[in-house]
Amino acid sequence: MIVRRIVSRVREHLSKPEISLIVGPRQCGKTTLMRLLQDELSKKGMKTLFFSLDNDGDRPYFESQKSLLDKIKLEVGGEKVYVFIDEIQRKENAGLFLKGIYDRGLGYKLIVSGSGSLELKEKIHESLAGRKRGFEMGTGEFFELVDFRTNYSYEKKINDFFKIDSGIAFNYLNEYLSFGGYPKVVLAETESEKQQVMAEIYESYLVKDISYLLKIKKMESLTALVRMLAAQAGGMVNVSELSSTLGLAMDTVNNYLWYLEKTFIVKKVTPFFRNLRKEITKTPIYYFCDLGMRNYAMRKFGKVDVNLVDGHLFENYVYLQLMNLKGEQSSVHYWRTQDKAEVDFVIDQGEVIIPVEVKLSWLESPKVTRSLRSFLDRYKPKKAYVVHLGGLMEEEIGETLVEFIPYYDLGTRIVDVGLK
């Protein structure tokens with residue numbers, strides 16, 4: 001089994017009375033995570049119950065709050081119990097349903113999971129304000145893949161592994177850029193099997209989630225939109241151009257984009273700006289939440305070579321690392337100016353900003369681009385990063401220390417500056 005880093009954070013929250021709410025894309029491993037936690041609790045002698053709204057036999061218990069509470073009481077009486085509820089998005093008014101149970105103060109610990117479907121995050125978060133802790137679970141991270149492939153031999157010395165066995169590590173990077181991190185894809189043994197698994201995930205998402213939510217009968221326009229986003233992931237997206245190309249109204253395109261984001265297929269990155277006149281402030285960029293999904297949409301699944309890929313795919317990889325590392329009080333943006341100066345990412349913490357530039361190349365000496373210099377001159381941050389394929393270097397530019405860091409060392413550096 002692939003060990004997921006989110007497990008420890010959810011495990012720590014099991015001792016808290018608030019609802020543990022786990023959300024993420026279809027087939028990212030939420031059910032496996034919950035079964036693992038249930039097994040751990042059971043081995044400690046704790047009472048547990050597991051319900052899934054994907055299971056026809058469990059659905060009658062969710063017809064009303066009373067139905068579920070009667071079932072729990074039947075199984076455990078008045079004892080303390082950990083109640084796992086999977087696929088909660090299938091319950092109408094799920095937030096109000098859970099709120100009613102929590103507010104009775106019965107001492108039941110609820111661990112709940114679901115996809116982003118049916119505006120799960122908005123509806124449940126609004127209804128459960130002060131009653132839950134949210135955990136967003138993505139598909140597998142790059143370092144989870146590496147730990148799995150190396151049989152967890154280097155968990156506490158992973159950077160040493162990357163330095164000493166750089167060739168093997170680079171093969172893992174190539175695998176991750178090619179196939180992404182969906183657990184079932186990682187576990188599939190052959191490329192043909194990986195292709196089949198990804199096809200099932202892709203079709204399941206389009207048919208079961210989006211077509212149901214949007215009541216779409218003809219999927220051609222949505223499929224074309226996903227392919228267009230994949231082809232220009234990391235590039236600025238003009239909704240008007242998408243509308244014209246697809247032959248859809250702008251409102252329809254915006255609606256599709258909203259659902260693609262809320263169901264964890266893409267993430268929207270907005271511009272960083274302080275000077276409204278000189279900097280681009282409206283056009284967003286979209287990155288995919290899973291690189292395998294992005295490649296499949298482009299019909300390049302399994303055909304990626306890091307030495308030949310476009311820089312946007314590597315940018316997407318770095319973006320996913322930043323999203324895994326950033327703190328709750330920080331946000332990730334991009335920076336562009338009217339005179340075409342650009343920085344791939346800007347981590348914004350309010351008073352502290354950190355630019356991050358991405359280079360799909362083996363830099364042998366520090367080289368700060370004109371665009372990054374322009375950002376440093378304007379904002380004078382204390383730190384800046386250039387992520388590349390080579391080794392660790394640094395250069396001082398004015399008041400800024402620019403660190404050139406290997407693709408695998410981002411986590412250490414980000415933690416050092418207090419973003420986690």
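This report describes aromatic pairs, nonpolar cores, cysteines and selected residues of the structure above.

The model is predicted, so local features need pLDDT of at least 70 and side-chain atom pairs count only at pLDDT 80 or more, while totals for chains, interfaces and linings use all residues. Residues are numbered from 1 along each chain as its sequence is written, and side-chain values use heavy atoms, with hydrogens and water left out.

**Aromatic pairs and charges over rings**

A pair of aromatic rings is described by the distance of the centres and the angle of the planes. The structure holds 32 aromatic pairs. Here rings of Phe, Tyr and Trp (its six-membered ring) pair if their centres lie within 6.5 Å; planes under 30 degrees apart count as stacked, over 60 as edge-to-face and the rest as tilted.

One of these pairs, Phe 50 with Phe 84, is stacked, with 6.0 Å from centre to centre and 15° between the planes. Phe 50 belongs to strand E2 (residues 48-52) and Phe 84 to strand E3 (residues 82-86), so the pair ties together parts that are 34 residues apart in sequence. Helices (H or I, at least four residues) and strands (E, at least two) are DSSP runs, numbered from the N terminus. Both Phe 50 and Phe 84 are buried; buried means under 20% relative accessible area, exposed over 50%, and partly exposed in between (1.4 Å probe, protein chains only).

Phe 170 and Trp 362 form a tilted pair, at 5.3 Å centre to centre and 45° between the planes. This pair links distant parts of the chain, 192 residues apart: Phe 170 is in helix H8 (residues 166-179), and Trp 362 is in the loop between strand E10 (353-358) and helix H16 (370-379). Phe 170 counts as buried because its relative accessibility is 13%.

Charged side chains also sit over aromatic rings. A charge sits over a ring if NZ of Lys or CZ of Arg is within 6 Å of the ring centre and within 35 degrees of the ring normal. Arg 35 lies over the face of Phe 50, 3.6 Å from the ring centre, and the charged end of Lys 194 sits over the ring of Phe 179, 5.4 Å from its centre.

A nonpolar core is a set of buried Ala, Val, Leu, Ile, Met, Phe, Trp, Tyr and Cys residues joined through side-chain atoms within 4.5 Å. The largest has 42 residues, and those touching the most other members are Phe 142, Phe 162, Leu 173, Tyr 317, Val 318, Phe 345 and Tyr 407. Helix H15 (residues 311-325) gives the most to this core, with eight residues. Apart from this core lies another, of 41 residues, among them Leu 222, Val 237, Tyr 286 and Phe 301.

Leaving aside its neighbours within four places in sequence, Phe 162 is in contact (heavy atoms within 4.5 Å) with Phe 142, Phe 143, Val 146, Ala 169, Tyr 407 and Tyr 408.

In helix H6 (residues 142-149), seven of the eight residues are buried, so H6 is largely enclosed by the rest of the structure. The buried residues include Glu 144 and Asp 147. They pack against helix H7 (158-164), H8, helix H9 (183-187) and H15.

**Cysteines**

A search of the whole structure finds zero disulfides, a disulfide being a pair of cysteine sulfur atoms within 2.5 Å. The sulfur of Cys 28 is 10 Å from the closest cysteine sulfur, in Cys 289, which is too far for a bond. Cys 28 is buried, at 0% relative accessibility, and Cys 289 is buried at 15%.

Ser 178 lies in helix H8 and is buried, at 3% relative accessibility. The side chain of Ser 178 reaches the backbone oxygen of Asn 174 at 2.7 Å.

Most residues other than glycine have a negative phi.

| Residue | Phi | Position |
|---|---|---|
| Asn 151 | near 55° | follows H6 |
| Lys 340 | about 75° | loop between strand E8 (331-336) and strand E9 (342-348) |

Tyr 152 is partly exposed, with a relative accessible area of 22%, whereas Lys 340 is exposed, at 68% relative accessibility.

Key. A polar contact is a pair of N or O atoms within 3.5 Å; within protein, one must be able to donate a hydrogen and the other to accept it, and residues adjacent in sequence count only if both atoms are side-chain atoms.
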